[in-house]
2 protein chains.
Amino acid sequence: MDQPSFPQRQHDHEACVHAGMAHAEAACESRNERFTANRRSVLKLLLAGHRPLGVYELMKQFDWKGRKPAPAQIYRALEFLESIGLVHRIESCNAYLACNRPGRHHCTIFLVCEQCKTVAEVEAERMQGAITDLAGQTGFELHSQVLEARGLCPECVGAAATDEADS
Amino acid sequence: MDQPSFPQRQHDHEACVHAGMAHAEAACESRNERFTANRRSVLKLLLAGHRPLGVYELMKQFDWKGRKPAPAQIYRALEFLESIGLVHRIESCNAYLACNRPGRHHCTIFLVCEQCKTVAEVEAERMQGAITDLAGQTGFELHSQVLEARGLCPECVGAAATDEADS
DNA sequence: AACCAATATGTTATACTATAATATTAAAAT
DNA sequence: ATTTTAATATTATAGTATAACATATTGGTT
């Protein structure tokens with residue numbers, strides 16, 4: 001599918017992770033950037049988590065020769081991964097998400113489920129036009145956008161409906 | 001003007017603050033909510049600041065019988081002010097901004113100047129449609145939106161151009 | 001191979017942001 | 001007046017992010 005939305009609850013995480021890592025490998029190669037052990041580990045955790053993870057959450061999961069890394073170590077990896085578009089920061093969660101469609105740098109909006117925390121990253125071409133127009137009219141020089149919608153994903157909407165019927 | 005964008009550097013702050021406070025007064029009245037001293041002070045600081053202020057920045061400015069308030073005090077006031085639409089949280093700044101057009105609850109986007117930190121709050125009706133459509137297609141139940149653009153305001157763009165010419 | 005420059009990491013310390021929990025006070029409703 | 005509700009005051013702690021500096025690794029150059 002060209003426009004994936006929310007991931008299925010059950011799906012082949014292994015494959016996701018593998019594909020994501022492979023793409024990252026290639027992306028670094030083509031930019032002559034180093035895909036170091038740290039960067040690998042952080043990206044892998046994000047790919048496996050499949051939802052936005054905070055830095056301290058990542059630190060807990062990070063098994064690094066028996067010790068735990070310092071925040072700076074994670075932040076540095078994230079900064080790098082974000083700079084080449086492999087990871088996004090979700091502002092309204094203070095957390096980071098592996099990009100589900102790396103390589104395409106379109107205008108995307110994140111649909112964040114407030115209940116189960118899963119996120120759909122969907123293209124929002126219609127919004128791109130609106131934003132550039134607004135910027136143009138105002139004389140604003142656009143650098144980047146933060147587009148996030150908050151609410152309930154389809155599965156949680158369904159669950160909520162069921163709960164109500166029960167009570 | 002019906003669609004204000006960036007405030008002029010020089011303008012009558014006094015009048016802004018006064019108008020904002022008057023509106024808040026009325027808004028609380030009509031909802032049977034109390035516009036207490038705390039809430040007043042916090043809103044006043046935000047109106048006067050005229051840009052996003054962090055909670056600890058607010059605390060520093062908060063003169064409260066010679067002592068300084070605890071964070072919780074500010075957060076409570078903000079929570080209230082936000083709940084009735086007098087204040088917005090700017091996620092990408094971890095800071096709060098007094099609403100410049102209270103009473104209208106349209107879909108707005110914030111244009112945040114990364115240099116001077118001023119913010120334009122502009123209506124983005126075109127985006128509302130795009131978002132609800134996206135939500136509809138995905139089965140997402142939309143609760144709220146975070147729409148922020150980051151870049152340079154017209155004044156800072158101008159200044160940057162001048163600087164370059166100088167060098 | 002030895003050296004240099006550039007990049008990335010390790011480490012410690014600290015700053016900034018946000019909430020929990022509980023006691024107290026003030027206001028509104030009966 | 002009494003009860004109930006909403007708001008405040010206070011202390012403590014949790015969560016997020018960066019600064020500063022020392023060390024190590026990599027890649028390119030002679």
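The points below cover the DNA surface, a helix pair and a hairpin.

1. This is a predicted model, in which local features need pLDDT of at least 70, side-chain atom pairs count only at pLDDT 80 or more, and totals for chains, interfaces and linings use all residues. Residues are numbered from 1 along each chain as its sequence is written, with chains lettered from A and ligands numbered from 1 in the order in which they are written.

2. Start with DNA strand C, which 18 residues surround; near means a C-beta atom, placed from the backbone, within 6 Å. The closest are T36(A), N38(A), A70(A), A72(A) and G54(B). Two or more residues each come from α2 (37–49) and α4 (71–83) of chain A, and from α3 (55–61) and α4 (71–83) of chain B. Helices here are DSSP runs of H or I with at least four residues, and strands are E runs of at least two, numbered from the N terminus. α4(A) gives the most, four residues.

3. In chain B, helices α1 (residues 13–31) and α2 (residues 37–49) pack at about 145°, with axes 9 Å apart. Axes are lines fitted to C-alpha atoms over the stretch in contact, and angles run from 0 to 180 degrees between N-to-C directions. On the α1(B) side, the contact includes C16(B), V17(B) and M21(B), while α2(B) brings L43(B), K44(B), L47(B) and A48(B); contact means C-beta atoms, placed from the backbone, within 7 Å.

4. Finally, strands β3 (residues 108–113) and β4 (residues 119–123) of chain A run antiparallel, joined by five bridges; pairing takes at least two DSSP bridges. I109(A) stands opposite V122(A). The two strands form a hairpin with five residues between them, and K117(A) in the turn has a positive phi of about 70°.

Key
Contact = placed C-beta atoms within 7 Å.
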